[in-house]
Amino acid sequence: MKTHVSLTDFKLECYPQAVRVHLITVGEPKHEYARLGCDMYLKRLERYHKVRVTRVRDSKRGGETAQLEEGKNLLEAAGKAFIVALDARGKHFTTEALTTWMTNLATGGEGEVAFLIGGPEGLSDEVRSHARLLWALSDLTFPHDLAQLVTCEALYRAATLERGEPYHR
């Protein structure tokens with residue numbers, strides 16, 4: 001069952017410090033639209049947060065073996081960061097709730113948040129168990145490239161909303 005997170009689930013703080021955003025994905029976006037879009041939103045996001053991107057290697061194997069191999073690499077890249085795994089079983093956020101959640105993360109003293117996006121085989125149970133939050137972008141299943149692009153845009157939109165800038169309108 002999906003859980004929707006509303007704005008009232010988080011206390012909004014004023015004037016937060018920036019949190020370091022670490023986007024960790026399996027592989028590079030394969031399609032030009034996704035590469036260009038991700039690059040554009042990540043560059044824009046750097047005005048609000050320190051941003052780092054890590055692309056771990058795609059496994060040449062399939063199924064559970066790929067999930068385990070890629071999962072190990074994702075977790076290694078995340079280190080001690082607050083881990084958010086993008087997973088269909090996760091919580092759904094409105095833009096406002098995501099903004100509030102990011103604000104609270106920053107004011108709560110979390111230095112870095114790592115957003116993990118698995119490959120075509122999805123995330124391993126190990127990655128999900130290490131995640132402090134599972135985030136579902138939608139009830140729909142997105143191709144890997146599109147999931148990366150939507151994540152980048154959502155984080156940028158949340159940052160502009162937090163600052164009261166007009167992009168969100």
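Me: Which residue in β5 does Arg20 stand opposite?
Reply: Happy to start there, with a note that this is a predicted model, in which local features need pLDDT of at least 70, side-chain atom pairs count only at pLDDT 80 or more, and totals for chains, interfaces and linings use all residues. Residues are numbered from 1 along each chain as its sequence is written, and side-chain values use heavy atoms, leaving out hydrogens and water. Strands are DSSP runs of E with at least two residues, helices runs of H or I with at least four, both numbered from the N terminus. In β5, the residue opposite Arg20 is Glu112.

Me: How many bridges join β2 to β5?
Reply: Strands pair here if DSSP finds at least two bridges between them. β2 and β5 (residues 112-117) run parallel, and the number of bridges joining them is 6.

Me: What is the handedness of the crossover from β2 to β3?
Reply: β2 also pairs with β3 (residues 51-56) in the parallel sense. The chain gets from β2 to β3 through helix α1 (residues 32-45). With the strands pointing away from the viewer, a clockwise path from the first strand over the helix to the second counts as right-handed. This β-α-β crossover is right-handed.

Me: Why is β2 described as largely enclosed by the rest of the structure, and how many of its 7 residues are buried?
Reply: Buried means under 20% relative accessible area, exposed over 50%, and partly exposed in between, with a 1.4 Å probe and protein chains only. β2 (residues 20-26) is largely enclosed because of its number of buried residues, 6 of the 7.
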